[in-house]
Amino acid sequence: MFISMEDVIKYTGGELMYGKLPDNREKSGVTSVGSDSQKIAEGGLFVAIEGERVDGHRFVKSAFENGAAAAIVSKAIPEEDVPAGKFCIKVNDTVAALQRLAAWYRRKFDIPVVAVSGSVGKTTTKEMIAAALSSGMNVLKTEGNMNSQLGVALMMFRLTPEHDIAVIEMGISESGEMHRLSEIAAPDAAVLTNIGVSHIGQLGSRENIRREKLDIVRGFRKRNGIILIPSNDEMLNMPDAMTEDALNKEAYEIINDLTIVRYGEDDGCRYRAYDIHNGQDGVVYDIRLADGTAGQVSLSVLGMHNVYNSLAAIAVADYFGLAIKPAVKKLEQYKPIAMRGQIFENAGITIIDDTYNASPDSMKSGLSVLWEKQCSGRKVVVLADILELGDMSEQIHRSIGAYIADRYNSGVQTDMLFTVGKEAAFIADEAAADIKNADTIENIIIQSFGGRDELTDYIMRILKPGDMVMVKGSRGMHMDKLCEALKNM
């Protein structure tokens with residue numbers, strides 16, 4: 001990529017603080033954009049982000065020393081920190097300036113973008129969509145956790161003329177964020193995985209979460225795009241889900257021009273799964289498209305949630321004109337990425353590492369994988385706090401405990417339930433109470449731990465070959481460290 005310094009200044013809305021522009025605009029510019037001074041590439045544009053813990057303005061000098069050609073700042077920078085021949089551009093807000101530049105840069109490419117969001121399953125669905133599309137297209141996809149206000153903007157600068165399509169994950173936690181992300185990425189298609197309670201502490205209600213998620217359409221390049229929704233999500237399928245009262249005004253006006261396509265198990269779904277069962281390595285199902293096309297899909301992952309995720313991927317591939325059979329073949333090669341349902345074995349113990357993040361729905365999905373998978377020993381559930389639930393935290397954690405108890409009371413195997421953290425203790429309390437009140441009581445160990453290290457020491461002493469352990473919690477609980485200990489015990 002190359003962006004002239006004149007365009008950097010113009011589209012960030014900034015003013016040149018230091019540096020002198022040459023007469024020929026092609027003689028000065030940047031070849032990449034980044035916000036990490038240690039990773040900035042030679043000739044790159046460094047964006048100084050003022051975060052809660054670290055202020056990027058402290059590293060402007062370091063960025064130039066590492067090869068940056070220019071920096072965007074919102075604070076005064078000493079002139080001696082900007083070497084001769086380099087540029088420093090002053091803006092009011094560096095994140096907003098970066099977003100404006102990214103939105104302009106994205107529109108230099110006449111290629112489609114698929115936006116993916118939802119309360120649970122965004123990353124897996126994004127990965128599956130990218131896999132299916134790779135059967136016939138050169139795909140750019142969101143890397144790592146770059147689904148934020150900063151990350152989505154930075155992803156845009158990775159577009160090249162060689163790409164045929166981009167699959168961009170969008171994560172939000174506050175009102176107004178989805179609109180900005182959609183304006184940056186300018187999607188042609190959108191996939192919503194579900195409307196859960198993630199970030200309900202900030203957004204207030206599931207209705208507000210739905211309104212915010214459906215703002216994904218506000219940046220659509222064209223008014224004839226498509227939005228895909230799962231048939232099993234009550235919030236997206238209730239009669240008033242997409243009415244004028246339920247949506248922001250602009251989203252309502254746009255969504256009426258879009259094609260809304262449902263995928264799932266229900267009659268009327270354009271992409272429908274049926275005869276769903278567990279195969280040797282994962283879930284298997286037959287698929288039927290609206291035009292009557294049928295076939296079988298054999299995934300290498302378990303869980304009903306992955307049936308829905310893969311249906312969305314097939315739907316996107318079909319929408320963009322790819323042959324279904326090659327797309328399904330690529331999809332069947334998908335393997336979970338780190339900390340998102342990865343399954344390991346060590347010392348005869350099976351570990352399901354689903355520790356990247358957590359919500360009530362994703363905890364239930366993780367539990368379903370544990371319950372569906374066979375083992376010769378005991379099934380052990382380890383759950384940590386779900387964060388950012390606000391005043392609803394106790395109620396939601398107790399609902400998970402009730403869910404575990406209900407399944408246990410109906411004969412589903414759970415031999416041990418351990419929780420970590422103050423909030424997750426409500427899971428254990430509710431599960432113990434509901435199991436105790438059941439007509440039939442089997443042996444189950446339920447115990448709460450105040451910290452991860454305490455649990456790690458205990459669980460590593462009691463596990464035996466043949467046991468299976470599922471570990472999940474919000475990212476801030478760092479339960480991946482428990483999984484690492486189990487993998488190396």
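**Notebook: aromatic rings**

I began with charges over rings: the charged end of Lys-487 sits over the ring of Phe-344, 4.0 Å from its centre. My rule for this is NZ of Lys or CZ of Arg within 6 Å of the ring centre and within 35 degrees of the ring normal. Lys-364 does likewise, with its charged end over the ring of Tyr-403 at 5.0 Å from the centre.

I kept in mind that this is a predicted model, where local features need pLDDT of at least 70, side-chain atom pairs count only at pLDDT 80 or more, and totals for chains, interfaces and linings use all residues. Residues are numbered from 1 along each chain as its sequence is written, and side-chain values use heavy atoms, with hydrogens and water left out.

Next, ring pairs. I paired rings of Phe, Tyr and Trp (its six-membered ring) with centres within 6.5 Å; planes under 30 degrees apart are stacked, over 60 edge-to-face, the rest tilted. I got 9 aromatic pairs. Tyr-263 and Tyr-308 make a tilted one, 6.3 Å centre to centre with 55 degrees between the planes. Tyr-263 is in strand E13 (residues 259-264) and Tyr-308 in helix H11 (residues 304-319), 45 residues apart. Helices (H or I, at least four residues) and strands (E, at least two) are DSSP runs, numbered from the N terminus.

Buried or exposed, Tyr-308? Buried, at 6% relative accessible area (buried is under 20%, exposed over 50%, partly exposed in between; 1.4 Å probe, protein chains only). Tyr-263 is buried too, at 2%.

I then looked up Phe-418 and Phe-449, an edge-to-face pair at 5.9 Å and 80 degrees.
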